[in-house]
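Have the sequence and the model side by side, and let's walk through them together.

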Amino acid sequence: MGTAWPLLGRAYFRLFYQKMLENELSLSGIKPGMNAVHVGCGPLPLTAVFLAGHGVRVTAFDLSHDILKLASGFISYSGLDNMIHLVKGCGTDVDFSGYDAVWLSLHVRPLDRIIHRALMLMNPEARIIFRLPRGKISMFYRDIDQTWLSRGVKRGEIKQPLGKISLMLKNT
C-alpha cells in the first residue's frame with residue numbers, strides 16, 4: 001500500500017510504525033555496526049531502512065524479484081544503498097549464522113520453521129524479533145509453536161501501539 005500511495009506510507013510510518021521499530025530496537029539491544037537480517041522485507045522495506053538509519057548493516061530477503069526491484073528504489077531514495085543488501089530468497093534457506101539480529105515480518109511463512117532454523121544457526125548472542133498477529137487478523141495466522149521455550153530460549157515481549165506485541169527470542 002505504501003508503494004502505491006507514498007504519502008499514506010509516510011504517514012503510517014510516522015504515526016505508528018516508527019514507534020514500533022524504536023521499541024523493537026530497544027528490545028533487541030543491537031547497536032550501530034552490528035549485522036541484521038530482515039526476512040520478508042517487501043516493496044517498502046521500512047524495517048531495513050530504519051535499522052540501517054541507526055547504523056545497523058542489513059541483509060533484506062524477499063521471495064520476489066519484482067518486489068526487490070521496488071525495494072531497491074526505495075532504499076536508493078533513502079540514501080542507504082551502502083547499508084542494505086537485498087537478496088532473493090526464502091527464510092527457510094537463510095544462513096542465519098552471521099547476524100546479530102533476525103527480524104521476521106508478520107506475513108513470513110512458515111514462521112515456525114524459520115524460527116527453528118534461526119535458533120539452530122544463529123550466533124549465541126543473536127536474537128530474533130517478530131510480531132504476533134492481533135485481533136481478527138490472527139485468524140489468518142497459525143498459532144506460533146512455542147516448543148522452543150522449553151529448549152532454553154529466552155523470551156522478551158513488548159506491547160506496541162494499537163495492541164500489537166513484539167517478541168524477542170534468544171538462545172540461553
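Lys170 sits in strand E7; helices (H or I, at least four residues) and strands (E, at least two) are DSSP runs here, numbered from the N terminus. This is a predicted model, in which local features need pLDDT of at least 70 and side-chain atom pairs count only at pLDDT 80 or more, while totals for chains, interfaces and linings use all residues. Residues are numbered from 1 along each chain as its sequence is written, and side-chain values use heavy atoms, with hydrogens and water left out.

Is Lys170 buried or exposed? At 17% relative accessibility, Lys170 counts as buried, where buried means under 20% relative accessible area, exposed over 50%, and partly exposed in between (1.4 Å probe, protein chains only). The side chain of Lys170 is joined to that of Glu125 by a polar contact of 3.1 Å. A polar contact is a pair of N or O atoms within 3.5 Å; within protein, one must be able to donate a hydrogen and the other to accept it, and residues adjacent in sequence count only if both atoms are side-chain atoms. Setting aside neighbours within four places in sequence, Lys170 is in contact (heavy atoms within 4.5 Å) with residues including Met122, Pro124, Gly152 and Lys154.

Lys154 in that list leads us to the sheet. Lys170 in E7 is the bridge partner of Lys154, and E6 and E7 pair in the antiparallel sense over seven bridges. Two strands pair if DSSP finds at least two bridges between them. Now look at the whole sheet: seven strands form an open sheet in the order E3-E2-E1-E4-E5-E7-E6, with mixed pairing. Strand E3 (84-88) and E6 stand at the edges with a single partner strand each, so one side of each is left without a neighbour in the sheet. On average, neighbouring strands of this sheet are turned by 20° against each other, direction ignored. Axes are lines fitted to C-alpha atoms, for helices over the stretch in contact, and angles run from 0 to 180 degrees between N-to-C directions.

Next come the helices that pack on these strands. Helix H3 (residues 65-78) packs on the sheet, touching strand E2 (57-62) and E3, and its direction makes about 170° with that of E3. H4 lies across E4, E5, E6 and E7, and runs at about 165° to E5. Which residues of helix H4 (residues 111-121) are buried? They are Leu111, Asp112, Ile114, Ile115, His116, Ala118 and Leu119.

Ile128 is buried, with a relative accessible area of 0%. Not counting residues up to four places away in sequence, Ile128 touches Ile115, Ala118 and Leu119, among others, as well as Leu167, Met168 and Leu169.

Glu24 is found in helix H1 (residues 6-28) and counts as buried at 0% relative accessibility. The side chain of Glu24 makes a polar contact of 2.7 Å with the side chain of Arg131. Gly40 is buried, with a relative accessible area of 9%. Apart from neighbours within four places in sequence, Gly40 is in contact with Phe61, Asp62, Ser105, His107 and Val108.

What about the nonpolar cores? A nonpolar core is a set of buried Ala, Val, Leu, Ile, Met, Phe, Trp, Tyr and Cys residues joined through side-chain atoms within 4.5 Å. Of the 27 residues in the largest nonpolar core, Ile30, Leu51, Val58, Ile84 and Trp103 touch the most other members. H1, H2, E2, H3 and E4 are the elements that give two or more residues to this core. A second, separate core of 21 residues includes Phe61, Phe96, Leu104 and Leu169.

Finally, step back to the whole protein. There are four helices and seven strands, following the pattern α-β-α-β-α-β-β-α-β-β-β along the sequence. Of the 172 residues, 45% count as buried. Among contacts between residues at least 6 apart in sequence, 68% join residues at least 24 apart.
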